[in-house]
Amino acid sequence: MKKVISYVLSFVLVLMLLSLCLLAIVKSTILDEKYMISKLEEANYYERMNGEIIEQFKNYTIQSGLSDEVLENLFTEDKLKQDINNVIDSIYTGKELEISTSEIRENLKENILTEVEKEGKTVDFEDEAMEEYLKAIESAYESQVSYSTSTINSIGSTFEKVISLAQTAQIIVIVVTIVIAVLIIILNIKQIFGLNYLAISSMASGLFILIAKFLLGQSTDLKNIMLINQATSHVIQLVIEDFLAKVTIAGVVLLIIGLIFSIIYNLLNKKYFEKTE
């Protein structure tokens, strides 16, 4: 009967170890604001976004008949970086996101005025076509930086709850894992503290993680991932690569721990039989 209970507990322990590893990795990557910002910097996200925003501006400017010179110095790199970081902060903390484009509008109007004056012409900023152009530039900046302010605000309120639930779940899983391990030890205290069952659970968890990672790696083509824009896609690629690397480490660690338990169990078991003989 003890063996049956021990095997059942070992199986549950495998599930707990898998859950614990997954929660720990997710919390230290996707659910960590500082981690995500570090990945933005690693991917040169701010510089890439700057280039993509300017290219978007150029598409509207060509249609307006103005030259690309009107797009010079519309916003600073510091403003772009701050706005992007505000988007990230809004997602993780639930703070309402607001992106100001008034500075961009005023700088653009000044550049347009300078250009038309050089040509000896005048410009009417009250003109409907001009107003549409100014709004298009403002909208392009906002959509490139945040995709959608309303969507980010909606995600933020939900994401904050997800982070809180993940923290609670991790605590519960840790407690359950410890309780199960203790029960296995108590049930098999006369059989070298049930180290064989702990070894099986740890090695099974490690092997499952490594096999799952291998299959996931084989079926996922990171280079062809495309979401929103190239800059964002590159960040996602880096996060997935790092996630899979951490999964590999977790699998190897569990496998090693299982092997250590197994070696200790076999050594103690050997000594026990030698003494009884």
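Predicted model: local features only at pLDDT ≥ 70, side-chain atom pairs only at ≥ 80, totals over all residues.
**View 1. The aromatic pair of F57 and F75.** F57 and F75 form an edge-to-face pair, with 6.2 Å from centre to centre and 85° between the planes. This pair links distant parts of the chain, since F57 belongs to helix α3 whereas F75 sits in the loop between α3 and α4, 18 residues apart. F57 is buried, with a relative accessible area of 0%, and F75 is buried as well, with a relative accessible area of 9%. Ring pairs join F57, F75 and Y141 into a cluster. Leaving aside residues up to four places away in sequence, F57 touches L71, L74, F75, I137, A140 and Y141.

**View 2. The largest nonpolar core.** This core holds 43 residues, and those with the most contacts inside it are F57, L108, I112, Y133 and Y141. Two or more residues each come from α2 (33-42), α3 (45-64), α4, α5, α6, α7 (149-187) and α9 (230-276), and α6 gives the most, with 7 residues. Apart from this core lies another one, of 22 residues, among them C21, L195, A250 and Y265.

View 3. Helix α5 (residues 102-118) has 17 residues and should span 24 Å at 1.5 Å a residue, which agrees with the 25 Å between its end C-alpha atoms. Within α5, the residues I104, R105, L108, I112, E115 and V116 are buried. Because these residues cover an arc of only 95° around the axis, they lie on the same side of α5, while E110, E117 and K118 on the other side are exposed. The buried residues of α5 pack against α4 (77-93) and α6 (128-146). Just after the helix, G120 takes a positive phi of about 70°.

**View 4. The surroundings of E138.** E138 lies in helix α6 and is buried, with a relative accessible area of 12%. The side chains of E138 and T101 are joined by a polar contact of 2.8 Å. When residues up to four places away in sequence are not counted, E138 touches T101, S102 and R105, and R105 is one of the buried residues of α5.

Definitions and conventions: Residues numbered from 1 in each chain as written. Heavy atoms only, no water. Helix = DSSP H or I, 4+ residues; strand = E, 2+ residues; numbered from the N terminus. Expected span 1.5 Å × (residues − 1). Buried < 20%, exposed > 50% of the residue type's maximum accessible area, 1.4 Å probe, protein only. Arc of directions from axis to C-beta. Contact = heavy atoms within 4.5 Å. Core = buried A, V, L, I, M, F, W, Y, C linked by side-chain atoms within 4.5 Å. Polar contact = N/O pair within 3.5 Å; in protein donor to acceptor, adjacent residues only side chain to side chain. Phe/Tyr/Trp six-rings, centres within 6.5 Å; stacked < 30°, edge-to-face > 60°.
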